[in-house]
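Here's a quick briefing to read with the model open in your viewer. Have a look at the structure first, then work through the notes below.

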Amino acid sequence: MWYNNILDTIGNTPLVKLNKVAKDIPATVLAKIETTNPGNSIKDRMALKMIEDAEKSGKLKPGGTIIEGTSGNTGMGLAIAAVIKGYKCIFTSTDKQSKEKFDALRAFGAEVIVCPTNVEPEDPRSYYSVSSRLEREVPNSWKPNQYDNLSNSQAHYESTGPEIWEQTEGKITHLIAGVGTGGTISGIARYLKEKNPAIQVLGIDTYGSVFKKYKETGVFDKNEIYPYITEGIGEDFLPQNVDFSLIDHFEKVTDKDAALMTREIARKEGIFSGNSTGSAVAGLLQMKDKFKEGDVVVIVFPDHGTRYLGKMYNDDWLRDRGFLKDEKLTARDIISKKDVQEIITIDCEKSVLEAINTIKSLNISQIPVTQKGMVIGKITESDILDSLIENPSIKSQPIKNITTAPFPFVDLNTSIDRISAMINKDNIAVLVEDGNGKIEIITQYDIINAISA
């Protein structure tokens with residue numbers, strides 16, 4: 001058997017039992033693995049449906065340009081379909097999305113325009129506004145508008161919902177899915193509730209999004225809106241595809257819990273999934289009291305981990321946001337293993353000759369330079385030598401005339417790997433402020449000493 005083209009492989013994705021991450025849940029927990037779609041995400045389903053419906057209605061004409069605001073996955077589905085069907089693609093997205101997503105879109109020949117995240121949807125710089133402007137300006141163009149285009153939810157009503165019903169033999173009791181455009185959860189929910197109105201539909205939201213409060217109070221509260229890291233779920237407006245009447249409960253999950261669970265799924269279940277999957281499974285665990293023995297819970301796993309290699313699967317990225325505690329040696333460990341000694345500094349108004357004498361008498365090779373007690377730069381043996389060769393009379397001048405950029409500061413939690421990478425021939429040390437406000441200097445020798453201690 002073969003397929004006529006790659007679009008024919010969309011759908012019929014597997015349902016896989018979760019074991020380790022769901023061990024404390026009394027129900028059977030099944031993951032709908034959407035990464036087997038050709039674009040590695042569930043968005044392939046609705047992207048193709050939107051295009052086919054637009055072709056039928058005449059909104060998308062031969063040789064046209066598809067313009068859409070997308071975080072990456074919808075763009076991938078649209079780009080793949082466009083390759084097969086002969087359309088061009090221009091996508092707008094936000095600067096919070098991973099670089100891997102943009103690179104993947106460009107691999108299919110799409111143009112990607114990156115817009116700022118922290119602006120109102122109505123702002124002319126937002127990715128919503130830019131895509132709308134481009135649709136007006138580019139001849140023979142069509143904007144799918146995945147948020148309000150009901151072909152989005154219809155795709156899941158026609159395909160994803162029936163698949164889940166058949167794969168569970170109608171035994172599903174709970175559906176868990178992230179809510180972004182709302183198409184996935186609303187389309188699946190509509191089909192499943194037609195089959196069995198008792199099925200509970202649980203939406204995953206994120207802090208910084210308006211969905212949960214709106215569902216519970218009917219109030220659109222702008223105070224709920226603030227920047228968040230989690231990708232693929234949550235919104236600062238109400239897409240038409242979100243059918244709140246079909247969603248029984250919204251569960252908010254923090255950025256940290258979502259990111260760490262994304263990694264846990266790979267390490268415990270061998271499933272390489274994306275950020276919104278981490279949110280969904282973290283939400284499952286938060287809602288464990290809702291499930292009992294005999295229940296069958298299906299969680300939608302929307303996309304693939306390759307799009308998050310620079311973020312959720314990157315230790316340094318997680319450490320920078322305080323999500324990951326480093327088990328390796330840190331700056332705190334290094335300075336705790338150093339011999340107790342006062343850091344030597346020199347005021348910027350001191351002469352170069354005084355700096356030379358200090359370096360000689362203390363047998364050191366570099367000195368942080370201060371101004372009114374604040375570190376503003378550094379002076380090293382090589383700085384002094386280069387200056388003397390060029391102008392021997394500089395010895396009487398203040399060292400501020402030959403001071404170079406200061407050693408970089410790191411915090412106490414910075415890993416030894418990061419510190420080592422920062423120390424090189426051009427930058428021979430880093431500075432760190434201890435818990436008492438005292439400045440310490442870390443050199444390559446200190447790192448070696450800490451490792452061998």
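Let's start with a charge on a ring: R190 lies over the face of Y157, at 3.9 Å from the ring centre. A charge counts as sitting over a ring when NZ of Lys or CZ of Arg is within 6 Å of the ring centre and within 35 degrees of the ring normal. Bear in mind that this is a predicted model, where local features need pLDDT of at least 70 and side-chain atom pairs count only at pLDDT 80 or more, while totals for chains, interfaces and linings use all residues. Residues are numbered from 1 along each chain as its sequence is written, and side-chain values use heavy atoms, with hydrogens and water left out.

**Charges over rings**

- K252 also has its charged end over a ring, that of Y207, 5.6 Å from the centre.

**Domains**

- The protein chain splits into domain 1 (6-40 + 154-320), domain 2 (42-142) and domain 3 (331-452), with bounds that come from an automatic or database domain assignment.
- Taken over C-alpha atoms, the centres of domain 1 and domain 3 are 51 Å apart.

**Aromatic pairs**

- Searching the whole structure turns up 10 aromatic pairs; rings of Phe, Tyr and Trp (its six-membered ring) pair if their centres lie within 6.5 Å, and planes under 30 degrees apart count as stacked, over 60 as edge-to-face and the rest as tilted.
- One of these is the edge-to-face pair of Y128 and Y147, at 5.8 Å centre to centre with 75° between the planes.
- Y128 lies in helix α4 (residues 127-137) and Y147 in the loop between β6 (141-142) and α5 (151-167), so this pair ties together parts that are 19 residues apart in sequence. Helices (H or I, at least four residues) and strands (E, at least two) are DSSP runs, numbered from the N terminus.
- Y128 is buried at 16% relative accessible area, and Y147 is buried too, at 8%. The cut-offs here are under 20% relative accessible area for buried, over 50% for exposed, and partly exposed in between (1.4 Å probe, protein chains only).
- Y128 also makes an edge-to-face pair with F237, at 5.1 Å centre to centre and 75° between the planes.
- Since Y128 lies in helix α4 and F237 in the loop between α7 (211-217) and β9 (249-253), that pair ties together parts that are 109 residues apart in sequence.
- F237 counts as buried, at 19% relative accessibility.
- Put together, Y127, Y128, Y147 and F237 form one aromatic cluster.

**Salt bridges**

- The count comes to 25 salt bridges, each being a side-chain nitrogen of Lys or Arg within 4 Å of a carboxyl oxygen of Asp or Glu.
- R263 and D315 form one, with their closest N and O atoms 2.7 Å apart.
- R263 lies in helix α8 (residues 255-269) and D315 in helix α10 (residues 315-320), so the pair ties together parts that are 52 residues apart in sequence.
- R263 is buried at 7% relative accessibility, whereas D315 is partly exposed at 32%.
- K292 and D295 meet in another salt bridge, 3.1 Å from N to O; K292 is exposed at 53% relative accessibility, but D295 is buried at 4%.
- Salt bridges with shared partners join R263, D315, D316, R319, D320 and R418 into one network.

**Positive phi**

- Most residues other than glycine have a negative phi, which sets up the next two entries.
- N40 is not a glycine, yet has a positive phi of about 65°. N40 sits in the loop between β2 (28-33) and α1 (43-57) and is partly exposed, at 27% relative accessible area.
- E169 has a positive phi as well, near 55°. Where does E169 sit? E169 is in the loop between α5 and β7 (174-178), and is exposed at 63% relative accessible area.
- E169 also meets K171 in a salt bridge (3.6 Å, N to O).

**Nonpolar surface patch**

- Which residues make the nonpolar surface patch of about 330 Å²? The patch is made by I6, V83, I84 and F108.
- Patches take residues with over 30% relative accessible area and no salt bridge, joining like charges within 9 Å and nonpolar side chains (Val, Leu, Ile, Met, Phe, Trp, Tyr) within 5 Å. The areas come from the Shrake-Rupley method with a 1.4 Å probe, and for residues only the protein chains shown count as cover.
- I84 is in helix α2 (residues 73-85) and counts as partly exposed, at 39% relative accessibility.
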